[in-house]
Structures are given as structure tokens and as C-alpha cells.
Amino acid sequence: MAVLDIKKAGEKVLKEKAQPVAKFDRRLKRLLDDMLETMYAADGVGLAAPQVGVSLRVIVLDVGDGPIELINPEIIEHEGMELGPEGCLSVPGIYGEVERYARVTVEGLNRTGKKVRISGQGLLARALQHEIDHLEGVLFIERATALVKKE
Ligand code: CO
């Protein structure tokens, strides 16, 4: 495994719509392992493949309950709205309030290509939406109100 460089706002790959994964091969498993290692090394709760320069629909998360991997994720259900704080490893030192669905159900595939479904609220719901936004080339700073800079 390897800790990868995290792309910062302004880099083109972060603005692109990422491509669906079609091959569930060793390369994908390595990408997932490297993304998890990179996320933990950076103390993040989520990471999307475009953030490591790979324009594929792959996200990883860990909001404290263990690692989650989702390939080609889609929000299939949502409920309510909630304003809450966000930051991003690609936008270091900047934080803001973002309105998101309060609860979401996301469907995707795991590393073996098997269908998985995750429902969450609070930080998990927020992180899922933030990471899926990355796959559309959207950064939280485009949705946030009250952006603040913290060292
Ligand atoms: Co982010």
C-alpha cells in the first residue's frame, strides 16, 4: 500500500465528472487500499478517487465505525435537510456550513463487484454526499455558506 498525493482545489481532475468503474481487478483493489491508507494518514473521514488524481467513481469513508468502500455509488433515497460543518482534504484550512440531506441511502458495489447498500444520517450521510459530489467534480466550497479559514 502507499500514501498518495492529495490533489488540491484548482487541479483539473477535481473538476471532472469521474468515470464508472467497469473492471473489478487487482488495480482497483490496490486503488482502494491506497485511498484508505491515504485517508487515514491525512486524518480524513472520506476520500474520493479524483482527489488522488484518478477520475473513477470510487469513494472510501470512515466516520469512526470502520472503513467503507463504495464503487459507482448512487443516492437512491434521501430525507430531510440539515446544515452542518464541512472541510475537505483538497481544500486545506477552509471550513464552511453546507446544507445536505439529513439521511441518505446509497447503493454501490464493493471491491468484488457485489451490490452494497448503506443508509446513514449525521456525519455518515454528510460524508457520503460530500464524496459523491467529488465524483461530479463538485467541491464543498461551491455549496458552502460562511466559509472560514483556520490554520
Ligand atoms: Co472532499
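**Ground rules**

I number residues from 1 along each chain as its sequence is written. In this predicted model I ask for pLDDT of at least 70 for local features and 80 or more for side-chain atom pairs, while totals for chains, interfaces and linings use all residues, and side-chain values use heavy atoms, with hydrogens and water left out.

**Entry 1**

For my labels, helices (H or I, at least four residues) and strands (E, at least two) are DSSP runs, numbered from the N terminus.

My cut-offs are under 20% relative accessible area for buried, over 50% for exposed, and partly exposed in between (1.4 Å probe, protein chains only).

Next I followed strand S2 (residues 58-61). Val 58 and Val 60 point one way and Ile 59 and Leu 61 the other, and all of them are buried.

I then checked the partners of S2, where two strands pair if DSSP finds at least two bridges between them. Strand S1 (residues 46-48) runs antiparallel to S2, with 3 bridges; Gly 46 has Leu 61 as its bridge partner in S2. S2 and S3 are also antiparallel, joined by 4 bridges, and Val 58 is partnered by Ile 71 in S3. The hairpin of S2 and S3 has 6 residues between the strands, and there Gly 64 takes a positive phi near 115°.

**Entry 2: the nonpolar cores**

Where do the nonpolar residues gather? I counted as a core any set of buried Ala, Val, Leu, Ile, Met, Phe, Trp, Tyr and Cys residues joined through side-chain atoms within 4.5 Å. The largest has 15 residues, and those with the most contacts inside it are Ile 59, Leu 61, Ile 68, Leu 70, Val 106, Ile 118 and Leu 128. S2, S3, S4 and H2 each give two or more residues to this core, and H2 gives the most, with 6 residues.

I looked up Leu 128 by itself, taking contact as heavy atoms within 4.5 Å. Leaving aside neighbours within four places in sequence, Leu 128 is in contact with Ile 59, Leu 61, Leu 70, Val 104, Val 106 and Ile 118. Apart from this core lies another, of 14 residues, among them Val 21, Met 35, Met 39 and Val 52.

**Entry 3: helix H1**

I checked the length of helix H1 (residues 26-41). Its 16 residues should span 22 Å at 1.5 Å a residue, and its end C-alpha atoms are 22 Å apart, which agrees; the expected span is 1.5 Å times one less than the number of residues. The buried residues of H1 include Leu 28, Leu 31, Asp 34, Met 35 and Met 39. Among what covers the buried residues of H1 are S1, S2 and S3. Just after H1, Asp 43 takes a positive phi of about 65°.

**Entry 4: salt bridges**

How many salt bridges are there? I count 13, taking a side-chain nitrogen of Lys or Arg within 4 Å of a carboxyl oxygen of Asp or Glu.

- Arg 57 pairs with Glu 136, with the closest N and O atoms 2.5 Å apart. Arg 57 lies in the loop between S1 and S2 and Glu 136 in the loop between H2 and strand S6 (145-149), 79 residues apart. Arg 57 is buried at 9%, whereas Glu 136 is partly exposed at 34%.
- Glu 107 pairs with Arg 117, also listed with closest N and O atoms 2.5 Å apart. Glu 107 is buried at 18%, whereas Arg 117 is exposed at 56%.
- Glu 86, Arg 100, Arg 126, Asp 133 and Arg 143 are linked in a network of salt bridges.
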